[in-house]
Amino acid sequence: MNRIQAFVCCLALTAAMPAVAYEVEEVGSFHIGGKQVTLSGLPARDVQFVPGGLTTRVDPNGEFEAGQMYVQFVKLAKPAARYPMLMWHGGGLTGVTWETKPDGKPGWQQYFLKAGHSVTVSDAVERGRASWARYPEIYKSEPVFRTKKEAWELFRIGPDGSYTDATNRRHHAGTQFPLEAFDQFGKQGVARWVDTDQVTQDSYNQLVQRACPCTLMAHSQGGPFAAAAALAAPDKIKALILVEPSATTLYAQANWAALKGVPVLVVYGDYWKDSPRWVKTRASVDNFVKTLQAAGAKAEMMDLPARGIAGNSHMLMMDHNSDQIAGLIQAWLAGQGLMK
């Protein structure tokens, strides 16, 4: 089957995906990773938690848990996939990335559950329900918050310099992102720290040991974490799907021959050629795919515009045609023998 035939076949599979019900065996959650941290020598203060209420003496000294991540799983009673699927989010975001889309339509968590995968969605260290830790006593850098302008332009909903304010922003012609839901998407942004990569990686590696063997899907900043986790435990990762992974020096430094038995799919959307930052990122990722291939790994770049699929933003799992892209990924997974 050539690429055009495979593409047509995948589109047919996407269009035929039934709106099936599925039986859930268990829904649960847990925290993993982190360690106890003890603080001392900090001043106590009086705090009134409720207006008009009693004043409480708050002492910040003592023992805390910090550096943990939050994990929620949906385990199917009769999965059609051979392994559960883990979904890791990108920078300044949480596991909500994979859940209901900002326009209210079902996201990829739901899509892949219907396709027969048990799905685990996590909030990385210092994101969402993983909880924060004190700054600067535990986290040494201050939290960084993403503006709506940065999200609009960095995520390629509009070109560089296209966002002035909420009433004056210009989008890419033909964008697949649901523009009417952008402000709703802005509510998903959370603080991030720039010095927590190692504790985050440690927690992800522990999650792989607990939840895998599995297929692993990661977006943006989550991509390098997923690649490193696969290197640390290649026997646990049965397929690696990197959705617009971030650039990282890891790609050029590691021994990728360890992933010879792990099929890798990299998925990329549109408009990246319009941004110097994204041109550099894409070059790094393209080199990564070539490095994997040279090391004997089965790696593939799924360039959506090259397949005739235009208009996708960095948040392609939220775009109007996200089910079509999920169908291509699902067909790829089936092609790797990962469905029963």
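A: Start with Y271, which counts as buried at 12% relative accessibility. This is a predicted model: local features need pLDDT of at least 70, side-chain atom pairs count only at pLDDT 80 or more, and totals for chains, interfaces and linings use all residues. Residues are numbered from 1 along each chain as its sequence is written, and side-chain values use heavy atoms, leaving out hydrogens and water.

Q: Why is Y271 called buried?
A: Buried means under 20% relative accessible area, exposed over 50%, partly exposed in between (1.4 Å probe, protein chains only). Y271 has 12%, so it counts as buried.

Q: What is the phi of Y271, and where does Y271 lie?
A: Its phi is positive, about 70 degrees, although Y271 is not a glycine. Y271 lies in the loop between β11 (264-268) and α8 (276-294). Helices (H or I, at least four residues) and strands (E, at least two) are DSSP runs, numbered from the N terminus.

Q: Why is R156 called buried?
A: The relative accessible area of R156 is 2%. That is under 20%, so R156 is buried.

Q: What is the phi of R156, and where is its place?
A: R156 is not a glycine, yet its phi is positive, about 60 degrees. Its place is in the loop between α3 and β7 (163-165).

Q: Which kind of peptide bond joins Y135 and P136?
A: A cis one, with omega about 5 degrees. P136 lies in the loop between β6 (119-123) and α3 (148-154).

Q: What is omega for the cis peptide bond that joins C212 and P213?
A: Omega is about 25 degrees there. P213 sits in the loop between α5 (197-211) and β9 (214-219).
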